[in-house]
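Subject: The structure we talked about

Hi there,

Here is the structure I promised to pass on. Have a look at it first, and then read on for what turned up.

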Amino acid sequence: MGVRKSNKLTQAALLKQILKRCSSIGKKHWYDEVDGLPLDVPKGHFPVYVGVNRTRYIIPISYLTYPEFQRLLRWSEEEFGFNHEMGLTIPCEEEVFQSLTSMLQ
């Protein structure tokens, strides 16, 4: 049971790092200067960039709880890490991402 709890703590730390990174990306003119969040992203959502063209998608934070989405995040961390300027980038084809998100809704 101790191993499982440790694993949950690791996942919680990973999700917290992802959300922190998403809220501090870019700080460009389309970001609110007070809280640093994108102006076009509704509360409870965050942007990700997907595919070769880095198409931007706005997705609910609740997706972070799904194991399928967590696998994409781990893949993203392995591929890009979390210390880059592009934002949270998911390294998969757009069609695959769209298929996955449609199943999660």
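Let me begin with helix 2, which runs over residues 67–80. This helix has 14 residues and reaches 20 Å from its first C-alpha to its last, close to the 20 Å expected at 1.5 Å a residue. Please keep in mind that this is a predicted model.

Which residues of helix 2 are buried? They are Phe 69, Gln 70, Leu 72, Leu 73 and Ser 76. These residues cover an arc of only 155 degrees around the axis, which puts them on the same side of helix 2. As background, an α-helix has 3.6 residues a turn, so residues three or four places apart point the same way. The face turned away from the buried side of helix 2 carries Arg 71, Glu 78 and Glu 79, which are exposed. After helix 2 comes Gly 81, with a positive phi near 70 degrees.

Ser 76 is worth a look on your screen. This serine lies in helix 2 and counts as buried because its relative accessibility is 0%, where the cut-off for buried is under 20%. Leaving aside neighbours within four places in sequence, Ser 76 is in contact with Gly 81, Leu 88, Thr 89, Ile 90 and Pro 91.

Now to the partner of helix 2. Helix 3 covers residues 94–104, and the two helices pack at an angle of about 150 degrees, with their axes 10 Å apart. Angles over 145 degrees count as roughly antiparallel, and helix 2 and helix 3 are therefore roughly antiparallel to each other. Helix 2 passes helix 3 in a left-handed crossing. On the helix 2 side the contact is made by Glu 68, Phe 69 and Leu 72, and on the helix 3 side by Phe 97, Leu 100 and Leu 104.

Helix 3 has a buried side as well. Glu 94, Phe 97, Leu 100, Thr 101 and Leu 104 are buried there. They cover an arc of only 130 degrees around the axis, which puts them on the same side of helix 3. Glu 95 and Met 103 are exposed, on the face of helix 3 turned away from its buried side. What covers the buried residues of helix 3? The cover includes strand 1 (45–50), strand 2, helix 2 and strand 3 (89–90).

Leu 104 of helix 3 is buried, with a relative accessible area of 9%. Not counting residues up to four places away in sequence, Leu 104 touches Tyr 63, Tyr 66, Glu 68 and Phe 69. Tyr 66 and Leu 104 are 38 residues apart in sequence, yet 7.9 Å apart in space, C-alpha to C-alpha.

Ile 61 sits in the loop between strand 2 (55–60) and helix 2. This isoleucine is partly exposed, at a relative accessible area of 32%.

Finally, the overall picture. The protein chain has three helices and three strands, in the pattern α-β-β-α-β-α when read along the sequence. Of its 105 residues, 36% count as buried. Among contacts with a separation of 6 or more, 50% are between residues 24 or more positions apart.

How values were computed: Residues numbered from 1 in each chain as written. Predicted model: local features only at pLDDT ≥ 70, side-chain atom pairs only at ≥ 80, totals over all residues. Heavy atoms only, no water. Helix = DSSP H or I, 4+ residues; strand = E, 2+ residues; numbered from the N terminus. Expected span 1.5 Å × (residues − 1). Buried < 20%, exposed > 50% of the residue type's maximum accessible area, 1.4 Å probe, protein only. Arc of directions from axis to C-beta. Axes fitted to C-alpha atoms, helices over the stretch in contact; angles between N-to-C directions. Parallel < 35°, antiparallel > 145°, perpendicular 65-115°, else oblique. Left-handed = near helix turned anticlockwise from the far one by under 90°. Contact = heavy atoms within 4.5 Å.
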